[in-house]
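New page in the notebook. I want to look at the ligand's surroundings first, then at the aromatic rings.

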Amino acid sequence: MSKIKIAELFYSIQGEGRYMGVPSVFLRTFGCNFKCAGFGMARGENSEEANNINPDLYKDYNSLPLVSTGCDSYASWDPRFKHLSPVLDTDSIAHSIVDTLPHKEWRDEHLVITGGEPLLGWQKQYPDLLNHPKMAGLKEITFETNGTQKLSEEFKEYLQGWYYTDPLAREITFSVSAKLPCSGEAWSDAICPEVVTEYEGYGTAYLKFVISTEEDLKDAERAVEEFRARGFTGPVYIMPVGGVERVYTLNNRAVAEMAMRKGWRYSDRLQVPLFKNEWGT
Ligand code: SF4
């Protein structure tokens, strides 16, 4: 049976993107190819906030501190925190997922497979998980990805088979949070139009950029041009930076106004005002 290293598994309200407001189970896989230490920092500077947290002081995710700069889900990829993320088989993951649902069966809830970067190491394991009898009533799934990972031939075949067997049975979404220079990641590593355009053949895909300044908006415009030139047709969302409320409320209105100006979609981060973006929300 397949196994996946799981950082978090919890039930909440989706706070971002297309399914904002929908009750959702979040399966956060461990591992990421990026660090995104630039978020919330001056250009060219890297956050040390997560590096200064002593992993030995924490026994579970819910007690971990929040950070206001850098990646807000740092413990889902930083090897120093790997002891908090068990390796579980897909049978027990499927049972645990359904156990989080209020009626212990799928109704209107949707599944979010997030990270870390969920398409980095676990594509081979998803068919086992998603074919599990406990997942039979699940209708909508989102992969929250940074858009750098190509789909494997086996996973594409699986998704395609699914679609051609019953196109109405399940809807797949790729929520692509492509990383702009404000993340601290290099453009050539982070903006991968050929990868993201291919996702559109296997589900609905959209771009979601984290923005705090007009300079970020210009970067998003340049990125969108590159994605469009490659044939990407999906919608564009922009979302305010801010894993903590103090930062989020500084720029959410400005980002909403940028979205209106551009004719792009605004994505909130409902988990910040609703739940203070605590781990497990
Ligand atoms: S891609 Fe996402 S999970 Fe990975 S480091 Fe960046 S913000 Fe964090």
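I sorted the shell around the ligand by class and got five nonpolar, three polar and two charged residues. (Ala, Val, Leu, Ile, Met, Phe, Trp, Tyr, Cys and Pro count as nonpolar, Asp, Glu, Lys and Arg as charged, and the others, Gly among them, as polar.) This is a predicted model, where local features need pLDDT of at least 70, side-chain atom pairs count only at pLDDT 80 or more, and totals for chains, interfaces and linings use all residues. Residues are numbered from 1 along each chain as its sequence is written, and side-chain values use heavy atoms, with hydrogens and water left out.

Who is in that shell? Among the residues around the ligand I noted Cys32, Cys36, Cys71, Trp77 and Lys179, where being near takes a heavy atom within 4 Å.

Next, the rings. I counted twelve aromatic pairs (Phe, Tyr or six-membered Trp rings with centres within 6.5 Å; planes under 30 degrees apart are stacked, over 60 edge-to-face, the rest tilted). Phenylalanine 143 and phenylalanine 174 are stacked, at 5.8 Å centre to centre and 20° between the planes. Phenylalanine 143 is in strand S5 (residues 140-145) and phenylalanine 174 in strand S6 (residues 171-176), so their pair ties together parts 31 residues apart in sequence. (Strands are DSSP runs of E, at least two residues; helices are H or I, at least four; both are numbered from the N terminus.)

Phenylalanine 174 also stacks with tyrosine 199, at 4.7 Å centre to centre and 20° between the planes. I also wrote down one aromatic cluster: Tyr126, Phe143, Phe155, Tyr158, Phe174 and Tyr199.
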